[in-house]
Amino acid sequence: MFTAAAPSVAAPCKDAKGKFVKCPEKKAQPKRCKDTRGKFVKCGTPGAKPV
């Protein structure tokens with residue numbers, strides 16, 4: 001019977017030398033806003049709502 005050993009981390013990161021290292025934290029994505037017509041606009045404009 002064959003069993004695949006799956007690591008607990010889905011996508012391990014490697015450094016320049018090919019060694020496994022801790023993956024960097026994901027950066028928070030900037031908030032995007034849409035106006036009343038559904039077009040992307042800068043957040044803070046009148047009528048803009050975060051998506």
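Which side chain of opposite charge is nearest to the buried Asp35, and how many Å away is it? The structure is a predicted model, in which local features need pLDDT of at least 70 and side-chain atom pairs count only at pLDDT 80 or more, whereas totals for chains, interfaces and linings use all residues. Residues are numbered from 1 along each chain as its sequence is written, and side-chain values use heavy atoms, with hydrogens and water left out.

The protein chain contains 0 helices and 5 strands, where helices (H or I, at least four residues) and strands (E, at least two) are DSSP runs numbered from the N terminus. An open sheet is formed by 3 strands in the order E4-E3-E5, with antiparallel pairing; two strands pair if DSSP finds at least two bridges between them. Because strand E4 (40-41) and strand E5 (49-50) stand at the edges with a single partner strand each, one side of each is left without a neighbour in the sheet. Strand E3 (residues 33-34) pairs with E4 over 2 bridges, and Cys33 has Val41 in E4 as its bridge partner.

Asp35 is located in the loop between E3 and E4. Asp35 is buried, and the nearest side chain of opposite charge is that of Arg37, 4.8 Å away, with no salt bridge for Asp35; buried means under 20% relative accessible area (1.4 Å probe, protein chains only), and a salt bridge requires a side-chain nitrogen of Lys or Arg within 4 Å of a carboxyl oxygen of Asp or Glu.

Terms used
Buried < 20%, exposed > 50% of the residue type's maximum accessible area, 1.4 Å probe, protein only. Lys, Arg positive; Asp, Glu negative; His and termini not counted.
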